[in-house]
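Trainee: Before we discuss this entry, can I see the sequence and the model together?
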Amino acid sequence: MFENLVPKVTHIISDGNLSVEDRLKYICELLKENVPHYDWVGFYFKNGDKRELRLGPFAGTPTDHTIIPFGKGICGQVAVSNQNFVVPDVSAQDNYIACSINVRSEIVIPLFKDGENIGQIDIDSESPDPFTEEDERFLEFINQEVAKIL
Ligand code: SME
């Protein structure tokens, strides 16, 4: 599954006719439509000099959580830890921001540009415990590709 998506991702990334915003949105849509356990896919980025994240392009139900302070929720924790965060069961997390009652699990992978954590890709799933190391490696690849056009 992920192998088939790799050339499609690189194709979108290298399409200079599209804005960066559109390229990121198409990647979100590609992932959401083609990976069965990806139900919401979005990018958050550091909001200027503020210690908060701002929602960027996404695919799925619009969320109220367009601004997330550093440290808050899974996303805010990744903004400060610089580490992948895989949550097999969101109900077991104290520091969690619910976007939809249907979400069972989540994965957040930091996005580095020149070694700096400038954002992340966030994926919500309605399946329990669906994420493996394959997801982590694939999403790290996505973020490396995205970093090239930021
Ligand atoms: N669940 C996230 C908030 C973002 S939504 O999933 C889109 C969190 O706890 O940080």
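What follows is a short exchange on how the terms are applied to this model.

Mentor: This is a predicted model, in which local features need pLDDT of at least 70, side-chain atom pairs count only at pLDDT 80 or more, and totals for chains, interfaces and linings use all residues. Residues are numbered from 1 along each chain as its sequence is written, and side-chain values use heavy atoms, with hydrogens and water left out.

Trainee: Why is α1 called roughly parallel to α4?

Mentor: The axes of α1 (residues 2-13) and α4 (residues 133-148) cross at roughly 10 degrees and come within 10 Å. Angles under 35 degrees count as roughly parallel, so α1 is roughly parallel to α4.

Trainee: Which residues of α1 and α4 meet?

Mentor: Contact means heavy atoms within 4.5 Å. Among those in α1 are Phe2, Leu5 and Ile13, and among those in α4 are Phe138, Ile142 and Val146.

Trainee: What does phenylalanine 141 touch?

Mentor: Phenylalanine 141 is placed in helix α4 and touches Val6, Val9 and Thr10, leaving aside residues up to four places away in sequence.

Key:
Axes fitted to C-alpha atoms, helices over the stretch in contact; angles between N-to-C directions. Helix = DSSP H or I, 4+ residues; strand = E, 2+ residues; numbered from the N terminus. Parallel < 35°, antiparallel > 145°, perpendicular 65-115°, else oblique.
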